[in-house]
Amino acid sequence: MTAVRESADPSSVPEAKGRRPWGRPQLYTAYGQDMALLNTGAKKVSVGVLLVVALLLPFLLEDDLLRLLATGSVLAIGAIGLNLVTGYAGQVSLGHAFFLGVGAYTAAVVSGDPEDDQVWGLGITFLPVWLLAGGLVAALVGLVIAPLASRLRGLYLAIVTLGLVFLGTHVFNEWDAVTGGIGVGRPAADPVLFGVDLSRRTEAFSADQQLYLLMTVLLVAFALLGRNIARSAIGRSFAAVRDRDIAAEVTGVDVRKVKRRAFVISGFYAGCAGALLYSITGYLDPSSFGLLVSVQFVAMVLIGGVSTISGSILGAFFIALLPRLTRELPEYLPFLSSSATQTPNVFQVETLLYGLLIVAFLLLEPRGLFGLWVRIRNYWKAWPFSY
């Protein structure tokens, strides 16, 4: 009788405690299990392997490839921000380049030399300070623009955000005290952390190794933050507005507040990405934030996968590595030139590829590279059966 009572006790049943029953590893009996950050053993193992590989790459790759991967990590941070507002919240934004420029110049002013007579500078080179400053100022600009953008949707919203790029280009070209002016520019923020300038070689690591490790750690932090936003109540409200804003409003969701929040979060991500991106190159120019930059980030989201943090990372690294591949084309296609003054050249091919890839993925694989991965994973999970 005792054994029967113990087995009948609901607290002794795995389902009652929110645990998975033995032998059924993919059966969830509690909402928290399904919403967990890493809800399967395979995800935990794969993420662990990726982190180990990422930490080993600085000792295996050459410096030029490490700098390229560091750039890809920063682009991934910006792509996550755009995916949060466009993929998760459904608000089409073509003004991402503007927010990148705001963050980059804010960081440059905070970190700049105060004795420079040409441009403003506060002399605060500590990386967390100018990084947060770049993100917060861009988020503040997003907050100012959000009330206008929250009243629009679809094509009208895309046109308004597109106007931000041209507005930003004019401001950056004319505000010489901040930007240095056309053709002159200014030094970008210095990546100094605890008195160590990570853009300079040390006894143990090269500058590219240090920048790669820094950007990889920051990417992991921003990706975790983005994933937690996506699976929180904020992320669910984003999805509700994206799928059917009228139905979301009927159920009590403040649609305009959700849209404003999406633009602020996206602006923060873009500002941080802009500040970090040009700390790698060490130089800022007003012409760096044109429409092509916004198109590139849209391509990252669409190619990688809409409404997925992993897709944003995949798309960003794909776009970051694409120029490296196109630079090799003249060796195999002699009619292509590597000089921008001759036609056709590899730079024109890159621009053409952005458009072609966007169209191809929208038609053939709307879920992007992440969708391809899901198909491959599902195939092997169901193998040898077809479904």
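Which helix is the place of Ser237? Ser237 sits in helix α10, which covers residues 233–243. Keep in mind that this is a predicted model.

Is Ser237 buried or exposed? With a relative accessible area of 13%, Ser237 counts as buried, because the cut-off for that label is under 20%. A polar atom of the Ser237 side chain lies 2.5 Å from the backbone oxygen of Ile234. Setting aside neighbours within four places in sequence, Ser237 is in contact with Val253 and Val258.

## The nonpolar core

The largest nonpolar core holds 89 residues, and Trp130 and Met215 touch the most other members. Helix α12 (residues 255–281) supplies the largest share of this core, 15 residues.

What does Met215 touch beyond its neighbours within four places in sequence? Its contacts there are Ala70, Ser73, Val74, Leu276, Ser279 and Ile280.

## Aromatic pairs

Searching the whole structure turns up 14 aromatic pairs. Take Phe222 and Phe268: their ring centres are 6.4 Å apart and the planes meet at 40 degrees, so this pair is tilted. It ties together distant parts of the chain, with Phe222 in helix α9 (residues 207–230) and Phe268 in helix α12, 46 residues apart. Both Phe222 and Phe268 are buried.

Phe268 also pairs with Tyr269, this time edge-to-face, at 6.5 Å centre to centre and 85 degrees between the planes. Tyr269 is buried, as is Phe268. Elsewhere on the list, ring pairs join Phe98, Phe99, Tyr105, Phe172, Tyr278 and Phe289 into a cluster.

How values were computed. Residues are numbered from 1 along each chain as its sequence is written. This is a predicted model: local features need pLDDT of at least 70, side-chain atom pairs count only at pLDDT 80 or more; totals for chains, interfaces and linings use all residues. Side-chain values use heavy atoms; hydrogens and water are left out. A nonpolar core is a set of buried Ala, Val, Leu, Ile, Met, Phe, Trp, Tyr and Cys residues joined through side-chain atoms within 4.5 Å. Buried means under 20% relative accessible area, exposed over 50%, partly exposed in between (1.4 Å probe, protein chains only). Helices (H or I, at least four residues) and strands (E, at least two) are DSSP runs, numbered from the N terminus. Contact means heavy atoms within 4.5 Å. A polar contact is a pair of N or O atoms within 3.5 Å; within protein, one must be able to donate a hydrogen and the other to accept it, and residues adjacent in sequence count only if both atoms are side-chain atoms. Rings of Phe, Tyr and Trp (its six-membered ring) pair if their centres lie within 6.5 Å; planes under 30 degrees apart count as stacked, over 60 as edge-to-face and the rest as tilted.
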